[in-house]
Amino acid sequence: MSNTLIGLIGLIALVVLIFTRMPIGFLMAIIGFIGFGAIVSTDAALHLIVNDIFSAFASYNLTVIPLFVFMGQLAFHSGISGRLFDVAYKFIGRLPGGLAIATIGACAGFSAICGSTNATAATMGAACLPEMKRYNYKPGLATGVVAAGGSLGILIPPSVVFIVYGILTEQSIGKLFIAGILPGVLLTIMFMASVLIWVRLNPELGPPGPKSTIKEKLKSLAGLGEVIVLFSMVMGGLFAGIFTPTEAGGIGAFGTLVISLIRRKLDWKGFTAALGETTRISCMIMMIVAGATIFGHFMAVTRIPFDIAQWIAGFDLHRAVVMLMIIGVFLVGGCFIDALALIMLTIPIFYPVVIHLGYDPIWFGVIIVMVTQIGVITPPVGINVYVVSGVARDVPLEVIFKGVVPMLIALIIATLLLIPFPQIALFLPSLVR
Amino acid sequence: MQRIEKILTSVSEKFNVVAAVSVVLIMTVIVVDVVLRFFRHPIPGTIDIVGLLGSLVISFSLGYTSIQKGHIAVEFLYDKLPEKARGVIGAINELVGTVFFAILAWQSFIFALKLKASGEVSPTIQMPTYPFVFGIAVSCALLSFILALNFARETRGVLKK
């Protein structure tokens, strides 16, 4: 059997067996192990798994994941989310659809200290949904903006997806973080615009909220302070080259802890809950990373990624067509497979193709994050929608999926905008050395 | 079987405490190092310490994460299968997982012994690395036991019907 054939069997086995509910990280490790063994030798495969697992688990660079997850969890358990919503609410709550717009603004703010979509959606759902309900917002709009706004968690730095992408492709995590800022701002504005349009078409969806005085507005601004402090500390240190990403994560988590303690918003129970969630989420992510590393080594010895890159180049298609096809694969795949796992599965195959076509690796990272955002809000496995439905138990899933549609349109437009205008992602990183 | 389950759950939770403490330690080491760096006295070997503690975070939370059903899997088609088919597929998966993590535990154990014999240490502060590889071996063994228990449960469920 030729190596290419073994590789293809491995790939097909992975795609089929993934639907048996085997944890994705385990499955990638097991198929990678068997495939590597079939091509090289059993001894080499045994050596490979032990080495890959140990070097992934004990990697200094990957320790950034538990740290940023911990930071987000601390922010979640100490109510920073509620204060963020309060600011946005005081300023734009009285517009039609204003509370929904405020929710998106607050999600963007929380994303600046949290690196995952589901933590952002869960946090902001708990803070914003009751308010919108109180002012008779239709459940579809209310839950839709939380699910979509929560997806900003991975575009606006810090971001677990950027970290994982950066490590798999050996790109600078700092640059990836910076590249996410402008698209994040653009997308936030586009989300807000789509709420405005939607509410204009159907004013009953989101009636205007209460007015607030200038004094109340100014007072609420204090809630923004801690996020600005944390964000500028973490990102500033990273941009200035004072911190490595791992150090930025450690400093960020510590800063969040200190602020929560000073404000007396975090008790022992909240602290241990944050830690428990941190180890669970980190372990899940790292198991997928380790599995993807083993699978990637298997793919590398089959040379399939290079063959595919050559094969696609042979068609002589315009590179934008190839990019649209890759985005299409993510959109379809993202409907069925967890978004983070999908990235890990496909990066070893798509990345060489994309680089071969002359695309910028940092830019492609931003594209990957944005298609992941689409993946987390599309049925049937849009994780953010499930998270929101966990918070809003009285709203049926279909209603949330429908509520997401206008945001989804904005998200797709924003992603496509990045193809002709890569500067949106690349301008800020170009300023950094 | 319930007794075994109780023991495994309790061990996993204790292991997870090790992981959680490691998260706090990593954060502390980094903060202290960054602060001391301002006074030109950084902690030597911070990168080694953080990396090795990081391995404790992930390996010691493997069992707990599995018990909490925290490892991401695709449930989309599986949920639409008839109950018996789900049971059979589930049992096979648990068995495959049990074997794989048993192999991983055994190989990590051998690797740790080798590292110990050769006196392998971390690059900057000469901290021995083998205890952390032992940690991975023990954690993989625990995960293998948990998966074996799941296998027994699934098989029982299938046979009962």
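**Exercise 1. Determine whether A:Phe330 and A:Phe350 are buried or exposed, and classify the geometry of their ring pair.**

Solution. In this predicted model, A:Phe330 and A:Phe350 are both buried. The next step is the ring geometry: the centres lie 5.7 Å apart and the planes meet at 65 degrees, so the pair is edge-to-face, given that planes over 60 degrees apart fall into that class.

**Exercise 2. Work out which parts of chain A are tied together by the pair of A:Tyr165 and A:Tyr351, and state how its rings are arranged.**

Solution. By the rule used, there are 18 aromatic pairs over all chains. In the one formed by A:Tyr165 and A:Tyr351, the rings stand 6.2 Å centre to centre with 80 degrees between the planes, an edge-to-face arrangement. A:Tyr165 belongs to helix 9 (residues 160–169) of chain A and A:Tyr351 to helix 17 (residues 339–356) of chain A, so this pair ties together parts that are 186 residues apart in sequence. As for accessibility, buried means under 20% relative accessible area; A:Tyr165, at 0%, counts as buried, and A:Tyr351, at 15%, is buried as well.

**Exercise 3. Describe the area buried between chain A and chain B, and identify which three residues of chain A supply more of its share than any other three.**

Solution. The area buried between chain A and chain B is about 4,700 Å², and carbon and sulfur atoms give 83% of that area. Counted by residues, the contact takes 51 from chain A and 51 from chain B.

**Exercise 4. List the polar links across the interface of chain A and chain B, then characterise the side that chain A contributes.**

Solution. The rule finds one salt bridge across this interface: B:Arg37 pairs with A:Glu247, and their closest N and O atoms are 3.0 Å apart. Five residue pairs are found in polar contact across the interface, both residues being at pLDDT 80 or more. Turning to the elements, helix 14 of chain A gives the largest share of the side that touches chain B, namely 12 residues. By residue class, that side of chain A divides into 37 nonpolar, 10 polar and four charged residues. Finally, among the aromatic residues, ring pairs link A:Phe26, A:Phe33, B:Phe100 and B:Phe101 into a cluster.

Terms used
Residues are numbered from 1 along each chain as its sequence is written. Chains are lettered from A and ligands numbered from 1 in the order in which they are written. This is a predicted model: local features need pLDDT of at least 70, side-chain atom pairs count only at pLDDT 80 or more; totals for chains, interfaces and linings use all residues. Side-chain values use heavy atoms; hydrogens and water are left out. Contact means heavy atoms within 4.5 Å. Buried area is the accessible area (1.4 Å probe) that two parts lose on being put together, summed over both. A salt bridge is a side-chain nitrogen of Lys or Arg within 4 Å of a carboxyl oxygen of Asp or Glu. A polar contact is a pair of N or O atoms within 3.5 Å; within protein, one must be able to donate a hydrogen and the other to accept it, and residues adjacent in sequence count only if both atoms are side-chain atoms. Helices (H or I, at least four residues) and strands (E, at least two) are DSSP runs, numbered from the N terminus. Ala, Val, Leu, Ile, Met, Phe, Trp, Tyr, Cys and Pro count as nonpolar, Asp, Glu, Lys and Arg as charged, and the others, Gly among them, as polar. Rings of Phe, Tyr and Trp (its six-membered ring) pair if their centres lie within 6.5 Å; planes under 30 degrees apart count as stacked, over 60 as edge-to-face and the rest as tilted. Buried means under 20% relative accessible area, exposed over 50%, partly exposed in between (1.4 Å probe, protein chains only).
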